[in-house]
Amino acid sequence: MRLSKYLFFTAKEVPADTELISHKLMLKAGLVRPVASGLYAFLPIGYRVLNKIISIVKEEMDRIGAQQLLLPFVQPAELWKKTGRWDEYGQELLRFQDRKGSWFVLSPTHEELITRLAGDILTSYRKLPVVVYQIQIKFRDEPRPRGGVIRSREFWMKDAYSFCQDDEQMGKIYKEMQSAYERIFSRCGLSYKVVEAESGPIGGDVSHEFISLAPNGEDRIVECDSCGYSAKLERARSRVKMESKEREKALEEVNTPDVKTVDEVANFLNIPLAKILKTVVYQTERGLLGVVVRGDHQVNEDKLKKLVKLEELNLAPDELIYENIGVEVGFVGPVGVDNWCLVVDEAVMQGRNFVAGANKKDTHFINVNPGRDFSPEIIGDIRYVLPGDECPVCGASLKVKRGIEIGHLFKLGDRYSSKLGAFFLDQKGKKHPLIMGCYGIGISRLPAAIIEQNNDKDGIIWPREVAPFDCVVIPAGDEVFDFSREVYLNLKDSPIEVVWDDRDVSAGVKFKDSDLVGIPFKVIVGRTFLKEGKIEIKKRGSGEIIKASKKDLTAKLMELIQDGE
């Protein structure tokens with residue numbers, strides 16, 4: 001490949017709102033080009049990387065016996081209505097009507113459609129288990145696309161689906177898929193963590209995410225270095241500290257003029273946030289829900305929904321709170337209110353002598369004690385874990401780290417098969433719903449995740465298996481141009497993926513562009529060749545230079561490529 005004939009460019013400047021290093025480098029190196037908000041075109045260099053990743057995924061899927069297929073990008077709405085996700089999925093589901101007035105969706109995922117197909121075909125236990133997968137475009141109408149291809153609206157995904165007779169059979173496939181994912185991400189050169197996760201709109205009782213560690217990642221995980229416990233922040237648990245031995249004091253009112261937020265209360269009364277009770281009021285289909293956590297904690301709505309068995313929670317409007325409780329937000333507390341369901345975090349129940357809103361303007365209570373001054377209807381873990389909290393397994397201090405979700409595994413059970421009529425007959429002729437699992441990899445966000453972990457001040461450093469080319473031949477002067485062409489043609493006849501930088505620009509620009517794009521090896525034909533008859537091979541990662549004769553060049557490069565950086 002001659003770079004002068006390639007659709008290749010590099011950029012010096014990127015938009016000011018580009019925050020992630022991967023987003024900046026993908027734009028500067030000409031891997032992608034924005035088309036609209038959350039929509040990106042992959043240009044030839046970027047698409048080569050994408051195809052390398054896809055090849056790895058296909059190899060590992062084939063290794064566990066998964067069968068590749070391709071499903072329509074457009075799905076009929078009736079399937080989504082049968083499972084309830086037509087309403088549950090929210091505005092991210094892009095709906096449209098065709099010319100006949102029939103409703104369809106642009107696929108954000110394919111559980112409904114694959115389940116219907118499985119129900120038509122997998123009607124006997126003799127055909128089970130089956131694992132199928134596809135690599136295809138998806139669309140989710142993200143409200144705030146960000147991070148370039150990390151959080152885009154249109155994206156490539158590998159989604160796989162398993163169909164089994166029972167939980168035991170599915171559990172085996174789940175483990176095989178997890179092992180396949182571990183091999184895929186390791187081959188992509190990623191450092192990652194496997195963590196417990198929430199299932200979200202996909203559903204199911206058990207799920208795990210693969211998180212690629214990145215300081216600026218949008219996801220947060222909780223980890224214990226002592227015992228290895230790890231979970232997504234939304235699902236993470238921490239050990240509740242023992243009940244306070246502090247003596248209960250008498251309840252008192254204090255005047256707190258215009259002091260509403262927990263931070264303002266803490267400053268006004270000169271107390272720590274942990275001694276304040278924060279009361280959050282939600283509006284639900286079953287009425288008002290009063291939720292109480294410590295002032296240093298945040299309500300985890302995923303945990304809360306599970307605890308109170310509600311699909312949807314909305315913060316109550318200020319006017320509704322005033323109408324029902326008679327006070328503005330900021331002075332609401334759990335004492336003396338009986339027209340709501342009171343849900344209290346378990347950490348609150350271990351404390352004594354809290355400060356809380358007195359349900360009266362400009363007034364708070366001090367020395368509020370759970371059990372004595374208010375009685376919750378429901379107690380549970382409804383908070384986010386904080387750094388330094390105790391591990392639920394071993395009690396050691398927990399850490400919170402950032403990362404990027406790159407893969408997700410779900411045990412779906414019969415959530416979709418029961419609703420869509422996907423049943424099979426067992427050995428006795430009895431009908432059962434297919435037991436399902438689904439498994440996704442964000443293909444188009446993987447290049448960004450890899451770049452986040454593999455870069456330096458000069459640009460990208462691609463791991464060997466996903467690099468767009470193995471090497472670039474660079475003539476460092478007009479006098480060696482013709483010989484560099486010979487070197488390029490010799491390498492082109494080998495298994496090495498090579499590009500020749502024959503552009504009419506300076507050698508310095510060629511070196512700089514090669515470092516920016518991240519090609520693992522530079523084959524430099526320059527002064528050393530003129531003086532010594534040697535060609536230089538420079539490693540992108542370490543900067544090490546190896547010299548080789550024209551005769552030995554191909555063999556030496558093959559050896560270096562196989563060894564990697």
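Predicted model: local features only at pLDDT ≥ 70, side-chain atom pairs only at ≥ 80, totals over all residues.
A cavity here is a set of grid points where a 1.4 Å probe fits but cannot get out, and its lining residues have an atom within 4 Å of a point.

**Entry 1: the cavity**

I looked for cavities of 30 Å³ or more, and the structure holds one. About 80 Å³ of space lies in the largest cavity. Which residues sit nearest its centre? I noted down Leu-3, Phe-8, Val-472, Ser-514 and Ile-519, out of 13 lining residues. Next I checked which element gives the largest share of the lining, and that's helix 13 (residues 507-517), with four residues. I also sorted the lining by type: eight residues are nonpolar, four are charged and one is polar.

**Entry 2: strand 11**

Then I moved on to strand 11, which spans residues 219-223. Is this strand mostly covered or uncovered? Mostly covered, I found, as four of its five residues are buried.

Strand 21 (residues 399-413) pairs with strand 11 in the antiparallel sense, over five bridges. In that pairing I picked out Val-222, whose bridge partner in strand 21 is Val-400. Strand 12 (residues 230-232) also runs antiparallel to strand 11, and three bridges join them. Here I wrote down Ile-221, which has Lys-232 of strand 12 as its bridge partner.

**Entry 3: the hairpin**

Last stop: the hairpin of strand 11 and strand 12. I counted six residues between the strands.

Methods
Residues numbered from 1 in each chain as written. Heavy atoms only, no water. Buried < 20%, exposed > 50% of the residue type's maximum accessible area, 1.4 Å probe, protein only. Helix = DSSP H or I, 4+ residues; strand = E, 2+ residues; numbered from the N terminus. Pairing = 2+ DSSP bridges. 1 Å grid on protein atoms, 1.4 Å probe; cavity = no way out; pocket = protein on both sides within 12 Å on 5 of 7 lines; lining within 4 Å. Points joined across faces, edges and corners; volume = space filled by probe spheres on them. Nonpolar A, V, L, I, M, F, W, Y, C, P; charged D, E, K, R; others polar.
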